[in-house]
Amino acid sequence: MKGDKKMLPVLNQLLADELTAISQYMVHSEMCENWGYPRLHTAIEKQAMDEMHHAEWLIQRIIFLEGVPVVNKLNPMKIGKSVPDMISNDEGDELDAVKAYNAGIKLAREVSDNGTVELLTRILKMEEGHADWGEAQRDQIAQMGLPNYLANQTEGPAS
Ligand SMILES: [Fe+2]
Ligand SMILES: [Fe+2]
């Protein structure tokens, strides 16, 4: 099914955002593992896997719309040097993703592509959940202090 000419570049930009997030989160997740924070490792690794699903769904949609998925384009990485930096970099990217998906949904509505509206809405809700997770971590750090927060990350999966 032929997709709208304006929709395909937007889907490919969202794909680049997702592919960038996968790499950034994998690095953050492994840095946390290396520091001995398995709960953070697991939580961030799960987000990287969510982003992998988003990339997969976008690739499916682009192919369905007879476009060519661009998988060799990444945005600059924002690797944090500390846990609070990682969390705020990732949260900033999630807030950007919420904006980008809302803009994509607006365009998909304008070109009457409701299948894409449905897909982008499903991803948008997951990005809102990721942003909310980052906000909760920042709140916890502010409320209990960084050493207490980090002491909580040393065993078991974080929810
Ligand atoms: Fe995503
Ligand atoms: Fe996300």
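**Exercise 1. Explain how Glu51 and His54 are placed relative to each other along their helix.**

Solution. Glu51 and His54 are separated by about one helical turn, because they stand three residues apart in helix α2 (residues 38-64). Helices here are DSSP runs (H or I, at least four residues), numbered from the N terminus.

The model is predicted, so local features need pLDDT of at least 70 and side-chain atom pairs count only at pLDDT 80 or more, while totals for chains, interfaces and linings use all residues. Residues are numbered from 1 along each chain as its sequence is written, chains are lettered from A and ligands numbered from 1 in the order in which they are written, and side-chain values use heavy atoms, with hydrogens and water left out.

**Exercise 2. Determine whether Glu51 and His54 are buried or exposed.**

Solution. Step one is the criterion: buried means under 20% relative accessible area and exposed over 50%, with partly exposed in between (1.4 Å probe, protein chains only). Step two applies it to Glu51, which counts as buried because its relative accessibility is 1%. Step three turns to His54, whose relative accessible area of 0% makes it buried.

**Exercise 3. Describe the largest nonpolar core.**

Solution. A nonpolar core is a set of buried Ala, Val, Leu, Ile, Met, Phe, Trp, Tyr and Cys residues joined through side-chain atoms within 4.5 Å. The largest one has 24 residues, and Met7, Leu11, Leu58, Tyr101 and Leu120 have the most contacts inside it. Two or more residues are given to this core by each of α1 (7-35), α2, α3 (83-110) and α4 (114-144). Helix α1 supplies the largest share, seven residues.

Contact means heavy atoms within 4.5 Å. Leaving aside neighbours within four places in sequence, the contacts of Met7 include Gly104, Leu107 and Leu120.

**Exercise 4. State which residues line the largest cavity, and classify them.**

Solution. On a 1 Å grid over the protein atoms alone, a cavity is a set of points where a 1.4 Å probe fits but cannot get out; lining residues have an atom within 4 Å of a point. The largest cavity has a volume of about 50 Å³, a volume being the space filled by probe spheres set on the points. Its lining consists of Ile44, Gln47, Ile87, Asp90, Glu91, Glu94, His130, Trp133 and Gly134. Helix α3 gives the largest share of this lining, four residues. By class, the lining has three nonpolar, three polar and three charged residues. In this scheme Ala, Val, Leu, Ile, Met, Phe, Trp, Tyr, Cys and Pro count as nonpolar, Asp, Glu, Lys and Arg as charged, and the others, Gly among them, as polar.

Key. 1 Å grid on protein atoms, 1.4 Å probe; cavity = no way out; pocket = protein on both sides within 12 Å on 5 of 7 lines; lining within 4 Å.
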